[in-house]
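Trainee: Could you walk me through this structure? I would like to start with the ligand.

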Amino acid sequence: MALTFFFRDLLILHAIRDHVIPEIRRYKYINVWDAGCAMGPEPYSLAIIFKEALNSYEFKRLRIFATDLDEESRGFGKILRAGVYPEKTVKRIPEEIFHKYFTSSVKPGHYKICDEIIHCVSFQRHDLRSLQPVRDGFGLIVCKNVLLHMQETQREDIIKMFHRCLVPGGFFATEQIQRMPAELSGLFKQVRPNIRLFRRV
Ligand SMILES: C[S@@+](CC[C@H](N)C(=O)[O-])C[C@H]1O[C@@H](n2cnc3c(N)ncnc32)[C@H](O)[C@@H]1O
């Protein structure tokens, strides 16, 4: 099972809350792509951050497209749609958020995320190496702890694809240890020097 858990990267979630949501909440369609989402804690953490910030009309316009290679044996799509997670994956969730969005599952030691959050996230299998985006018109793309395992040229091609399918002024978030390749620096502007959140130029 891929290593992932809810509220894994508070720094980036807070940067999305403070810098991305105020910009993209006015879009007619608030489309977010979580590329390499594993079995769901990351896209659901994003959905909760949006839910906390948006009003009910805006939240209805939010669609999170969660994708992963998802080899047959791991069944990420099934896990994601059920929305039931073991205790060890929910430990980092701030307490008030946890009580608001989770209930005990019939499965011992597991918790179920509420339907309103489940319904704004859809899952599909997708290989980033295809260099074909799942759609275009994204206001935000999150791709964390995926690109670091790839060759430099492959990483650059994938980031170029992200650039193409973001709306002008759209955002791209990645893990803290990732650097924007020098030759792509003209495509994005870093939102804050210490955070790997970039804005399409
Ligand atoms: C360590 S997990 C990261 C999960 C989540 N993004 C996070 O940071 O918590 C890496 C995920 O990337 C996925 N992945 C690896 N190569 C991929 C590719 N070429 N296309 C799509 N997903 C890929 C893996 O299947 C795995 O679920």
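Trainee: How many residues surround the ligand?

Mentor: This is a predicted model, where local features need pLDDT of at least 70, side-chain atom pairs count only at pLDDT 80 or more, and totals for chains, interfaces and linings use all residues. Residues are numbered from 1 along each chain as its sequence is written. A residue is near a molecule if its C-beta atom, placed from the backbone, lies within 6 Å of it. The closest are Thr4, Gly36, Ala38, Leu128 and Asn145, and the residues surrounding the ligand number 17.

Trainee: Is Phe6 buried or exposed?

Mentor: Phe6 sits in the segment before helix H1 (10–24); helices are DSSP runs of H or I, at least four residues, and strands are runs of E, at least two, numbered from the N terminus. A residue is buried if 20 or more other C-beta atoms, placed from the backbone, lie within 10 Å of its own, exposed if 12 or fewer, and partly exposed in between. Phe6 has 23 such atoms within 10 Å, so Phe6 is buried.

Trainee: Which strand pairs with E8 over three bridges?

Mentor: Two strands pair if DSSP finds at least two bridges between them. Strand E8 (residues 166–173) has an antiparallel partner at residues 195–200. Ala173 has Leu197 as its bridge partner there. The partner strand is E10.

Trainee: How many residues lie between E9 and E10 in their hairpin?

Mentor: E9 (residues 188–192) runs antiparallel to E10, joined by four bridges. Lys189 stands opposite Arg199 in E10. Between E9 and E10, the hairpin has two residues.
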